[in-house]
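Colleague: I am new to this structure. Please show me how to read its features.

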Amino acid sequence: MKASIKWTDGRQFVAESGSGHSVVIDGPPDHGGRNTGPRPMEMLLMGMGACTAFDVLQILEKSRAPVSDCVASIEAERADEVPSVFTKIHVHFTVSGKGLKEAQVKRAVELSAEKYCSASIMLARGGVEVSHSYNIVDE
């Protein structure tokens, strides 16, 4: 896996993934940025959220669960001192579908957290307290 990060100006960068996709990353104006994109730590948090949501959806689809929507809402806390690392991350899934079984959703969230989500498992092994919860919306 590869990526490149090209500085454009101020604190703005264009990040390009090895698969050829680009995203603008920027800082806040009080740090020399123009607020034209997410902050680097926000990108890390969004990447982790997408990684675990990807797993949950894939697991539910393989078990033929009738999923119509899945939202991972993430809240994180960071250390007050530099480096301002993540200390806690909580992911809450809202999974929607007609007749979803709680056991299937619970299992999908647990499997992602404990076995499949490389990003959240890596952060947890690095000392971040990562937790998960879910609720089901019957549509």
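Modeller: Start with a term. A salt bridge is a side-chain nitrogen of Lys or Arg within 4 Å of a carboxyl oxygen of Asp or Glu. This is a predicted model: local features need pLDDT of at least 70, side-chain atom pairs count only at pLDDT 80 or more, and totals for chains, interfaces and linings use all residues. Residues are numbered from 1 along each chain as its sequence is written, and side-chain values use heavy atoms, without hydrogens and water.

Colleague: How many salt bridges does the structure hold?

Modeller: Side chains of opposite charge can pair when their charged atoms come close. Here there are two salt bridges. One joins D9 and R34, with the closest N and O atoms 3.4 Å apart. D9 lies in strand β1, R34 in the loop between β3 and α1, 25 residues apart. Strands are DSSP runs of E, at least two residues; helices are runs of H or I, at least four.

Colleague: And the other?

Modeller: E110 pairs with K106 at 3.9 Å, N to O. They sit four residues apart in helix α2, so about one helical turn separates them.

Colleague: Is E110 buried, partly exposed or exposed?

Modeller: Partly exposed, at 35% relative accessible area. Buried means under 20%, exposed over 50%, partly exposed in between (1.4 Å probe, protein chains only). K106 is partly exposed too, at 41%.

Colleague: How do I read two packed helices?

Modeller: They are described by the angle between their axes and the distance between the axes. The axes of α2 (residues 102-116) and α3 (residues 118-125) come within 7 Å and cross at roughly 60°. Axes are lines fitted to C-alpha atoms, for helices over the stretch in contact, with angles from 0 to 180 degrees between N-to-C directions.
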